[in-house]
Amino acid sequence: MKNSKASRSNYSSSSMDDSSKQPLFPRSLQAEPDEYSFRLSTASESSAPDHHDRPPPLSFDAGNSSVWDHTPSITPLCSSPVAQSPWSSAHMAPSDHPYSYTGLMGSLVREEGHIYSLAAAGDLLFTGSDSKNIRVWKNQKEFSGFRSNSGLVKAIIIADERIFSGHQDGKIRVWKMSGKDPSVCKRIGTLPTLKAKMKKSLKPSNYVEVRKSHNAIWIKHIDAISSLSLSEDKSILYSASWDKTIKVWRVADSKCLESISAHDDAVNSVVAGFDGLVFSGSADGTVKVWRREMQGKGTKHYFSQTLLKQECAVTSLAVNAASTVLYCGSSDGLVNFWERDKFLSLGGFFRGHKLAVLCLATSGNLVFSGSADTNICVWRREERNHMCLSILSGHSGPVKCLAVEEESQSQSQQQGIIGGHKHYVVYSGSLDKSVKIWRVSGQGAPLQNEIVPSQSHSQNLSSQTSRAAAAQKRNF
């Protein structure tokens, strides 16, 4: 097998001894190497993660049931109001206890390609797939759409009337919605711009070595875009790439301000956080912190610290801005978190998935984790503990992306949801080529009272796992 710098993740590693190791994905979930859309480190590819030193799966107080076997009770499917649409949409009726209803509300299925990216803005949903199309949906009906010339859509982010999309071909495309007719979207540019590339190419000093015997101008990504993030004021756009760099763009004029050589392997996620900090996660198993400083009209980012260093790949990051907590998902199925009020010390970790965590999202005091095991875990943060409220099951393939919007009171009333409790609309995109729409309540009892391990316990587990993985690696 090629190392991660030349190939995408393939969880059924050919270096594993089939008599003693099981593939990380069951055969029914295995796909082409490119499909999982993040990279594993060389160590992760060469050996299966050792879970013997990891905490046991969550379990119920009664019987031998696992949290993975639990599915929220939902009512039977109703007839679709958009059956004539090229998408099939199935609606779920609220349960007998609407104040705490959690369950599937709709499913959008189209044989167009795997869903790699989602972005929600008000009543609009943007979806990106390997068909190169970006589709816009409103009230579960196709509202608009636009198509890029090349490069499957791996990331979408919205800044007011502008939409930025990151692609497999290493380019960022910029789109704008018409103020008069929101259903009309036009491409207004590509990052980097042609003018910028021509200008930079004239000076030899603007070229950097990107691989052996190959140079490129520093403002250009030379591998797939894996993640996009906006600063708090939406003035700065960050792009992470499998080329190991993070690039910093000024939204106002599409200028590339900086290129950060961030990691030793592919960067799988970047997120702009609180206090001018930027967080990055990589296939090299690290989570790093970067401090932004304004310098005149530009910016400069300085390395601050490494929060995590492990054998398995970091696959996703999310920041809860309200509670200033950073969450990190990994290919071993764990979610680690760090808290600002504890000076970004490790708060602990929690686990609710059998396989890799592929995406994370936060809203209010809830955290959502999507996994290659096809499930979505809903967690509620209570002080410094995280309780698993429910498991959203329904996808037949790995859950690749999540988007969350808090439901307004009027929307709740329209759906027959009563009471003053907060509800959330969760969108999940999967490699089963579907988008599912869930309604989630932040209320209700957790599946079990799981206590998050302390920092020292977490560090001890990480150290043990690193040693075990290193020993295992030496055996191959």
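Which residues have the most contacts inside the largest nonpolar core? In this predicted model, they are Phe164, Ile172, Leu191, Leu228 and Leu237, and the core has 17 residues. Two or more residues of this core come from each of the elements β6 (153-159), β8 (172-177) and β12 (225-230).

**Core and its surroundings**

Ser235 is found in the loop between β12 and β13 (236-241). Not counting residues up to four places away in sequence, Ser235 touches Trp249, Arg250 and Val251. The C-alpha atoms of Ser235 and Trp249 are 8.6 Å apart, and the two residues are 14 residues apart in sequence. Ser235 has 30% relative accessibility and therefore counts as partly exposed, as this class lies between the limits of under 20% for buried and over 50% for exposed.

**Aromatic pairs**

The structure holds seven aromatic pairs. Two of them are set out below.

| Pair | Centre distance | Plane angle | Class |
|---|---|---|---|
| Trp290 and Phe303 | 5.5 Å | 70 degrees | edge-to-face |
| Phe337 and Phe350 | 6.1 Å | 40 degrees | tilted |

The classes follow from the plane angles: an angle over 60 degrees counts as edge-to-face, one under 30 degrees as stacked, and the rest as tilted.

Trp290 belongs to strand β18 (residues 286-295) and Phe303 to strand β19 (residues 298-309), so their pair ties together parts that are 13 residues apart in sequence. Trp290 has 6% relative accessibility and counts as buried, whereas Phe303 is partly exposed, at 43% relative accessible area.

Phe337 and Phe350 belong to one aromatic cluster with Tyr327 and Trp379.

A charge also sits over an aromatic ring: the charged end of Arg340 is 5.9 Å from the centre of the ring of Phe274.

**An open sheet**

In what order do the strands of the open sheet of four strands run? The order is β24-β25-β26-β27, and the pairing is antiparallel. Its edge strands, β24 (357-363) and β27 (385-392), each pair on one side only. From one strand to the next, the twist averages 25 degrees.

At one end of this order, β24 and strand β25 (residues 366-371) run antiparallel and are joined by six bridges. Thr362 has Val367 in β25 as its bridge partner.

**The chain as a whole**

The chain contains four helices and 30 strands. It has 476 residues, of which 56% count as buried. When contacts between residues at least 6 apart in sequence are considered, 52% join residues at least 24 apart.

Notes
Residues numbered from 1 in each chain as written. Predicted model: local features only at pLDDT ≥ 70, side-chain atom pairs only at ≥ 80, totals over all residues. Heavy atoms only, no water. Core = buried A, V, L, I, M, F, W, Y, C linked by side-chain atoms within 4.5 Å. Buried < 20%, exposed > 50% of the residue type's maximum accessible area, 1.4 Å probe, protein only. Phe/Tyr/Trp six-rings, centres within 6.5 Å; stacked < 30°, edge-to-face > 60°. Lys NZ or Arg CZ within 6 Å of the ring centre and 35° of its normal. Pairing = 2+ DSSP bridges. Axes fitted to C-alpha atoms, helices over the stretch in contact; angles between N-to-C directions. Contact = heavy atoms within 4.5 Å.
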